[in-house]
Amino acid sequence: MIEQVQTSVLCDEHCHLGEGPTYDPATDTAWWFDIREAKLYEAHLGSGALKAHNLGRMASALGRIDAERQLIVAEDGLYIRSVADGAMTLYRPLEADNPRTRSNDSRVHPSGTFWIGTMGKKAEPLAGAIYALHRGEISTLYPGVTIPNSICFSPDGATGYFADTGRNELFSVALDPATGLPRGEPKLLVRHRGIGGIDGSVVDADGLIWNARWGGGCVDVYSPQGEHLRSLRVPALQSSCPAFVGADLSRLLVTSAWQDMDEAARAADPQAGCTFLLEVSARGRAEPDVKLA
């Protein structure tokens, strides 16, 4: 059974590939990307003010450094972005010598370490990887990933999660809470069968995993043990990634996409690419700031 909860449209601009949402409680601002169109969206929830920033390159995620700066994960590297004027300065190159790949799902660990996923621009098998930016240095955690997704972490930082949508599998791995780096080998947590595939995820304050199901038009909720607990309807088939937003972090922002849909498919899914707010009454967690060297 898929639950229908109160849902509104935060942004009715149709993202080609909406992804990478995050929220800054200090400014009541949500941020997300249209990867394919190289745009960063900014929405002030209290006022409803919305801006779209042209980035000039495909990007997929950001981490807050401080009130003035963000770290943008882009197709050719990591960039420090000034919130005030949008100016971007290269911080570290990443796969800049490989024009076949781009960045994808990424998230900041409670320690400030940034896990970053890359993939082939045409989802070429095994072309991507998952990296960690820790103390200013980038290391490879997991090579040979087709579509990295669901990068997220338990509230205490002792467990990491990630998926390869190409395999439709979600993994868990023990981490050092102080560094956000693995302590052991990943273990299979969920192997999805049926409609749709595992896409982006976020963990709430109770440790539950909220996963957007690409092609399923819903968000699935899993326990830390991989038990499926509930599913919530999203009014776009290709729901892509969730983030907790709002003053009490009780609402769920969900991005979506119209990527690879022909004219008939888009007509049948008229809100594909819109960005939604679901009233889920959960206890979310604020995203930590990324720590540079």
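# A guided tour of pockets, cavities and cores

The largest share of the lining of the largest pocket, six residues, comes from strand E2 (strands, E, are DSSP runs of at least two residues, numbered from the N terminus). The model on display is predicted, so local features need pLDDT of at least 70 and side-chain atom pairs count only at pLDDT 80 or more, while totals for chains, interfaces and linings use all residues. Residues are numbered from 1 along each chain as its sequence is written, and side-chain values use heavy atoms, with hydrogens and water left out.

## Stop 1: the largest pocket

Select Thr 22, Tyr 23, Leu 62, Gly 63 and Arg 64, which lie nearest the centre of the largest pocket among its 28 lining residues. A pocket is an open set of points on a 1 Å grid over the protein atoms alone, with protein on both sides within 12 Å along at least five of seven lines; a cavity is a set where a 1.4 Å probe fits but cannot get out, and lining residues have an atom within 4 Å of a point. The space in this pocket is about 350 Å³, a volume being the space filled by probe spheres set on points joined across faces, edges and corners.

Next, colour strands E2 (18–24), E3 (29–34), E6 (59–64) and E10 (101–108), each of which supplies at least two residues of the lining of the largest pocket. By class, that lining divides into twelve nonpolar, eight polar and eight charged residues (Ala, Val, Leu, Ile, Met, Phe, Trp, Tyr, Cys and Pro are nonpolar; Asp, Glu, Lys and Arg are charged; the others, Gly among them, are polar).

## Stop 2: the second largest pocket

The second largest pocket has a volume of about 230 Å³. To find it, select Arg 102, Met 119, Ile 147, Trp 214 and Gln 259, the closest to its centre of the 17 residues that line it. E10 and strand E11 (114–120) are the elements that give two or more residues to this lining. Its classes are five nonpolar, five polar and seven charged residues.

## Stop 3: Asn 104

Remain in strand E10 and select Asn 104. Is Asn 104 buried or exposed? Asn 104 counts as buried because its relative accessible area is 4% (buried is under 20%, exposed over 50%, partly exposed in between, with a 1.4 Å probe and protein chains only). A polar atom of the Asn 104 side chain lies 2.8 Å from the backbone oxygen of Pro 148. Leaving out residues up to four places away in sequence, Asn 104 touches residues including Ile 35, Ser 60, Ala 61, Gly 117 and Asn 149 (contact means heavy atoms within 4.5 Å).

## Stop 4: the cavities

The structure holds two cavities of 30 Å³ or more. The largest cavity has a volume of about 70 Å³, and its lining includes Arg 107, Cys 152, Phe 153, Val 203 and Pro 288. E10, strand E14 (148–153) and strand E18 (197–203) each supply at least two residues of this lining, which has eight nonpolar, one polar and three charged residues.

Then select Thr 22, Tyr 23, Val 202, Ala 243, Phe 244, Arg 285 and Glu 287, which line the second largest cavity. The space there is about 30 Å³. E2 and E22 each supply at least two of the lining residues.

## Stop 5: the nonpolar cores

Which residues have the most contacts inside the largest nonpolar core? They are Trp 32, Trp 210, Leu 232, Phe 244, Leu 252, Leu 278 and Val 280, in a core of 28 residues (a set of buried Ala, Val, Leu, Ile, Met, Phe, Trp, Tyr and Cys residues joined through side-chain atoms within 4.5 Å). Among the elements that give two or more residues to this core are E3, strand E22 (239–245) and strand E24 (275–279). A second, separate core of 15 residues includes Ala 61, Ile 116, Tyr 131 and Val 290.

## Stop 6: two loop residues

Most residues other than glycine have a negative phi. Ala 38, in the loop between E3 and E4, has a positive phi, near 55 degrees; Ala 38 counts as buried because its relative accessibility is 15%. Arg 135, in the loop between strand E12 (128–134) and strand E13 (137–145), also has a positive phi, of about 55 degrees. Arg 135 counts as exposed, at 61% relative accessibility.

## Stop 7: Asp 289

Finish in the segment after E24, where Asp 289 is found. Asp 289 is partly exposed, at 29% relative accessibility. Asp 289 and Ile 65 are 224 residues apart in sequence and 5.3 Å apart in space, C-alpha to C-alpha. A polar contact of 2.8 Å joins the side chains of Asp 289 and Arg 64 (a pair of N or O atoms within 3.5 Å, where one must be able to donate a hydrogen and the other to accept it, and residues adjacent in sequence count only if both atoms are side-chain atoms).

Definitions and conventions: Helix = DSSP H or I, 4+ residues; strand = E, 2+ residues; numbered from the N terminus.
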